[in-house]
Amino acid sequence: QVRLVESGGGLVQAGGSLRLSCAVSGDSPSNYGMGWFRQAPGKEREFVAGISVYGRHADYADSVKGRFTISRDNTKNTVYLQMNSLKPEDTAVYYCAAGNLLIISPVSHRYDYWGQGTQVTVSS
């Protein structure tokens, strides 16, 4: 079993920052490629960022590149998403996902396990 629990969401003003955390537990919690996705009301779930098993490679959606940073601390079995310079269009429920990935994938169905999501609201 793999369990993912997101935390760190909340309300922030435009230009502010938040750091999301994803705690990974279960069998071999550090053996997965990880991704962050988000979904706004009425919108499709979209890829935000992904990171490889050992944290040596990362990919980002163009919309967040230069503002967001994904990282992982495998000693703590935790994945992070540092979000800076937040914009109102970043408002969404953010989900952590894990998959048996050889490469980072922006495709949601490549991920097998999902957290419950955490709400991020950016006010203007």
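Which residues form one aromatic cluster? In this predicted model, the cluster is made up of Phe-37, Phe-47, Tyr-111 and Trp-114.

**Aromatic rings**

- Tyr-32 counts as buried because its relative accessibility is 9%, whereas Tyr-113, at 29%, is partly exposed.
- Phe-37 and Trp-114 form a tilted pair, with 5.0 Å between the centres and 55 degrees between the planes; Phe-37 lies in strand S4 and Trp-114 in strand S10, so this pair ties together parts that are 77 residues apart in sequence.
- Phe-37 is buried, with a relative accessible area of 1%, while Trp-114 is partly exposed at 28%.
- The charged end of Arg-45 sits over the ring of Trp-114, 4.7 Å from its centre, and the charged end of Arg-45 also sits over the ring of Tyr-95, 4.1 Å from its centre.

**Nonpolar cores**

- The largest nonpolar core has 27 residues, and those with the most contacts inside it are Met-34, Trp-36, Leu-81, Met-83 and Tyr-94.
- Several strands give two or more residues to this core, including S1 (2–7), S3, S4 (33–39), S8 (78–83) and S9 (92–99).
- Another core, of 6 residues, lies apart from the largest one, and among its residues are Phe-37, Phe-47, Leu-101 and Ile-104.

**A buried serine**

- Ser-21 is found in strand S3 (residues 18–26), and it counts as buried because its relative accessible area of 15% falls under the 20% cut-off.
- Leaving aside neighbours within four places in sequence, Ser-21 is in contact with Val-5, Glu-6, Ser-7, Trp-36, Thr-78, Val-79 and Tyr-80.

- Most residues other than glycine have a negative phi.
- Asn-77, in the loop between S7 and S8, has a positive phi near 50 degrees, and Asn-77 is partly exposed with a relative accessible area of 25%.
- Ser-85, in the loop between S8 and S9, also has a positive phi, of about 50 degrees, although it is not a glycine; at 40% relative accessibility, Ser-85 counts as partly exposed.

Terms used. Residues numbered from 1 in each chain as written. Predicted model: local features only at pLDDT ≥ 70, side-chain atom pairs only at ≥ 80, totals over all residues. Heavy atoms only, no water. Helix = DSSP H or I, 4+ residues; strand = E, 2+ residues; numbered from the N terminus. Buried < 20%, exposed > 50% of the residue type's maximum accessible area, 1.4 Å probe, protein only. Contact = heavy atoms within 4.5 Å. Core = buried A, V, L, I, M, F, W, Y, C linked by side-chain atoms within 4.5 Å. Phe/Tyr/Trp six-rings, centres within 6.5 Å; stacked < 30°, edge-to-face > 60°. Lys NZ or Arg CZ within 6 Å of the ring centre and 35° of its normal.
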